[in-house]
Amino acid sequence: MNITFITRKKFQEFLESLCYSSIEKFTASKFAKYASIGLDDSFKLLIEHVATKELELSWELRCPNCNRVLSLNSNKDLEEYECDFCCDIFDVDENDLFPKFQVTKEFKDYLIESNKGGNSVKKTEKAITDIPDKNIPISDINIDEETKKILQEFTHSTIINVFNGGSQMNQISNSFNHSTLNNASIQSTHNSQIPIVPEEHVVELQDYINNIDDEVLRNMNDEHLKNFKESLKQHDKEMAKKYLSFIGKTIGTVSSISTIAGYLN
Ligand SMILES: [Zn+2]
């Protein structure tokens, strides 16, 4: 895994250029080419930004026979899926599912608003539209544990079900079940009267977030904090750490964050 500060800088450029282009959805392949990194690293980075709500993840189902994009609806039997175009009948698996990314409306509005008056963004726009985008099925991407967890959370259960029997998502649901089991056992031995993090520190962080001027940033972090509290309730330290890091990424290190992090380690 080799996501450097250069890649992160390029990612910011890439996002800004996207906002000013006509491109709606893109694949991990496009950013990989833009930043000259591997597909797996690109996917990992993009998924990280799905978790922080800068990007949205959607899934495209393609017919293995005619390669056209089909509507992915849970009313249709995914075991014997009939293509709307060529009437081919196939079992949907991970070779037929293609992850696509899109800048969220909230983040796009935020970026455009914060770039008002500047024209540095336009320069890279052409480069971005010129980069070919290649559709790559999820089966061709190697996903690490951390990414799997986030993916699990942001993927609809009907799609997760499609992967049962496939390798990638099977691993995901295994690790998911595994962590659920762990939580249950932690919970049964843990005295639920004693919170992992003293309430006052969480309140302090909540106050800090309530006072963020920027509405998008405030709402985003409010959402993360809600999930953070829920994770604490479930005694899921790993999840709590994850949400805390999302908050830390956007608002920087404030003292309550480092204090809370101390309780989670
Ligand atoms: Zn077809």
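In what order do the strands of the open sheet stand, and is their pairing parallel or antiparallel?

Tutor: The open sheet has three strands in the order E2-E1-E5, and the pairing is antiparallel. E2 and E5 are the edge strands, each with a single partner, so one side of each has no neighbour in the sheet. Helices (H or I, at least four residues) and strands (E, at least two) are DSSP runs, numbered from the N terminus. Two strands count as paired if DSSP finds at least two bridges between them.

Some background on the model comes before the details. The structure is a predicted model, in which local features need pLDDT of at least 70 and side-chain atom pairs count only at pLDDT 80 or more, while totals for chains, interfaces and linings use all residues. Residues are numbered from 1 along each chain as its sequence is written. The term pLDDT is the predictor's confidence in each residue, from 0 to 100. The protein chain averages a pLDDT of 80, and 82% of the residues score at least 70. Where pLDDT is low, the predicted coordinates should not be read in detail. The protein chain has twelve helices and five strands.

Now the pairings of E1. Strand E1 (residues 55–62) is joined to strand E5 (residues 97–103) by seven bridges, and the two run antiparallel. Within this pairing, Ser58 stands opposite Lys100, and Glu60 stands opposite Phe98. E1 is also joined to strand E2 (residues 69–70), by two bridges and again in an antiparallel arrangement. Here Leu61 faces Leu70, and Arg62 faces Val69. E1 and E2 form a hairpin with six residues between them, and Asn67 in the turn has a positive phi of about 65 degrees. Most residues other than glycine have a negative phi, and most peptide bonds are trans.

E5 stands at an edge of the sheet, yet five of its seven residues are buried, so E5 is largely enclosed by the rest of the structure. A residue is buried if 20 or more other C-beta atoms, placed from the backbone, lie within 10 Å of its own, exposed if 12 or fewer do, and partly exposed in between. In the protein chain of 265 residues, 25% count as buried.

Two residues are in contact if their C-beta atoms, placed from the backbone, lie within 7 Å. The loop between H3 and E1 holds Lys53, whose phi is positive, near 70 degrees, although the residue is not glycine. Lys53 is partly exposed, with 19 other C-beta atoms within 10 Å. Cys87, in the loop between strand E3 (81–82) and strand E4 (89–90), also has a positive phi, near 65 degrees. Cys87 is exposed, with 10 other C-beta atoms within 10 Å.

Helix H11 (residues 237–251) has as its buried residues Ala240, Tyr243, Leu244, Phe246 and Ile247. They cover an arc of only 150 degrees around the axis, judged by the directions from the axis to the C-beta atoms, which puts them on the same side of H11. These buried residues pack against helix H3 (39–51), helix H10 (215–233) and helix H12 (255–264). Gly252 follows H11 and has a positive phi, near 80 degrees.

H10 contains Leu217, which counts as partly exposed with 15 C-beta neighbours inside 10 Å. Leaving aside neighbours within four places in sequence, Leu217 is in contact with Ile212 and Thr250. Leu217 and Glu106 are 111 residues apart in sequence but 9.5 Å apart in space, C-alpha to C-alpha. For the protein chain, residues 24 or more positions apart account for 68% of the contacts with a separation of 6 or more.
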